[in-house]
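Hi everyone, thanks for coming.

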Amino acid sequence: MTPPKRRHPAARRRNLDGARLTAFDVLDGVSSRAAYANLLLPQLLRERPELDERDAAFATQLAYGALRAQGALDAILAGLVSRPLGELDPRVLDLLRLGTYQLIDLRVPAHAAVDTTVDLTRAIVGTGASGLVNAVLRKVAAGGAREQWLDALGGDDARRLALATNHPAWIVDAWRDALGGDAELEPALLADDAAPEVHLVARRMARDELAAESGGEAGPWSPYAVRLHGGDPGRLASVRSGAAAVQDEGSQLAGLLLARAPLEGRDEAWLDVCAGPGGKAGLLAAVRPAGVRLTAADRATHRAELVRAALRDAADVEVLTADGREPPWAPGSFDRVLLDAPCTGLGALRRRPEVRWRRTPEDVAPLVELQLELLAAALAAVRPGGVVAYVTCSPHTEETVGVVDVAAARDDVEVLPVAPLFPEVPGLARGRYGQLWPHRHGTDAMFMALLRRTS
Ligand SMILES: C[S@@+](CC[C@H](N)C(=O)[O-])C[C@H]1O[C@@H](n2cnc3c(N)ncnc32)[C@H](O)[C@@H]1O
């Protein structure tokens, strides 16, 4: 006898609001499989052609918004659920976050936000959980919008700033420290929380042509940058062909730093020691003078493969899978070395909405150790007189100024100030080093330093 078919809740998903279901699937992938929202969401949207442009935009707003706002959402929910949030079924917690985000941030009318979330809960988790979700979301709705909720949650100014700007407290502290005080802290954090514009880089085409093709505008700092206000850059023929690529304008400046560094003597061999997935290597290959050979390495095989793909049309390049600390190249082989070091990524949070909650202060020390080793190895890889550009997509003082100051203290190393190489970029100097900020420059918070081997 065939056993009776059990109706799995997923079978009822068909009748659900597609945008909200997709947003839930993103939150669920992030919580249960440590997925990256910026990779998972586009994949789900491709797999669900029934979602029109408006649905896709709403799913994106919901998923990214709820992930960014997780700190405030959880602070609200913790006061309304009798158990610690960590003891809830993770799917129920994600559904509560989605509903709460709609109520306090998007101001979706209570009946729509609550009813659709209860429907999702019934279909995905079961009827038992839908009662809890209904009761909690009604209390959220009764508490008003985000401002009222933040007032009700109370706490000191630091907690309020962290909740209001959607950052964990330790990241707020790191940004305050890097900015040198409170004066610009709130605008900086708000800019770090806002959805970024898409920036393109014109690698093997004129920037004007790229602007015309994409409908974007020339970026203010990099001579290769075009900024887009919307649309899918993957649809552009020049991006498909590799003549252009998506790249934050700050990352473009970090690559240009290496190319612009003053250098005496031989200038034939450049190295990008942490090159994967190949963004900066692609720009370096395009802007290097004729006769320069570019070597690009990455420790991870799959990242080195991505570099190979990014450089597929470039002549005189070599891509290696190599650990920059135990390199296959001889000491002093290169004239210019870019070290775009692995880091916490605290300066690129606006692109990866969930990363701020995944990172912890304990991540910093092991990264600093790696960064110090890689920087020492990068300095060994350049000839006397050669230059090393040290770059991170984080403003955290320990992995930026802290790391470079150690190398700068050596007798055979001299610091070359960054800001004079970019006279067109105001507010760039961080002492002798350079620091871009989303609220000042509309870029990721990239840190840049330039060192010369003197002997
Ligand atoms: C910030 S990413 C580089 C981004 C890249 N420069 C770009 O613009 O596309 C850092 C890279 O360093 C690589 N990495 C980490 N440790 C390394 C090591 N010891 N040697 C070489 N590469 C390493 C990681 O695999 C990662 O791809």
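What we have is a predicted model, where local features need pLDDT of at least 70, side-chain atom pairs count only at pLDDT 80 or more, and totals for chains, interfaces and linings use all residues. Residues are numbered from 1 along each chain as its sequence is written. When I say helix or strand, I mean DSSP runs numbered from the N terminus, with helices being H or I of at least four residues and strands being E of at least two.

Let's start with helix H1, residues 18-33, and the loop that leads from H1 to H2. Ala 34 sits in that loop, and its phi is near 50°, a positive value in a residue other than glycine. For context, most residues other than glycine have a negative phi, and most peptide bonds are trans.

Next come H2, residues 37-47, and H3, residues 53-68, which pack at about 155° with axes 11 Å apart. Axes here are lines fitted to C-alpha atoms, for helices over the stretch in contact, and angles run from 0 to 180 degrees between N-to-C directions. That angle makes H2 roughly antiparallel to H3; the cut-offs are under 35 degrees for roughly parallel, over 145 for roughly antiparallel, 65 to 115 for roughly perpendicular, and oblique for the rest. The crossing of H2 and H3 is right-handed, meaning that the near helix is turned clockwise from the far one by less than a right angle, with anticlockwise being left-handed.

Who meets whom there? On the H2 side we have Ala 37, Leu 41 and Leu 45, and on the H3 side Ala 56, Thr 60, Ala 63, Tyr 64 and Leu 67. Contact means C-beta atoms, placed from the backbone, within 7 Å. By class, this contact of H2 with H3 has seven nonpolar residues, one polar and no charged. In that count Ala, Val, Leu, Ile, Met, Phe, Trp, Tyr, Cys and Pro are nonpolar, Asp, Glu, Lys and Arg are charged, and the others, Gly among them, are polar.

Now look at H5, residues 90-104, and H7, residues 127-142: their axes come within 10 Å and cross at roughly 25°. H5 is therefore roughly parallel to H7. The contact includes Leu 95 and Leu 96 of H5 and Leu 132 and Val 136 of H7. By class, the contact of H5 with H7 has 12 nonpolar, two polar and no charged residues.

H5 also packs with H1, at about 130° and with axes 10 Å apart, which makes H1 oblique to H5. Among the residues in contact are Arg 20 and Asp 28 of H1, and Arg 91 and Asp 94 of H5. The contact of H1 with H5 has six nonpolar, two polar and five charged residues.

Pro 277 lies in the loop between strand S5 (269-272) and H15.

Notes: Two residues are in contact if their C-beta atoms, placed from the backbone, lie within 7 Å.
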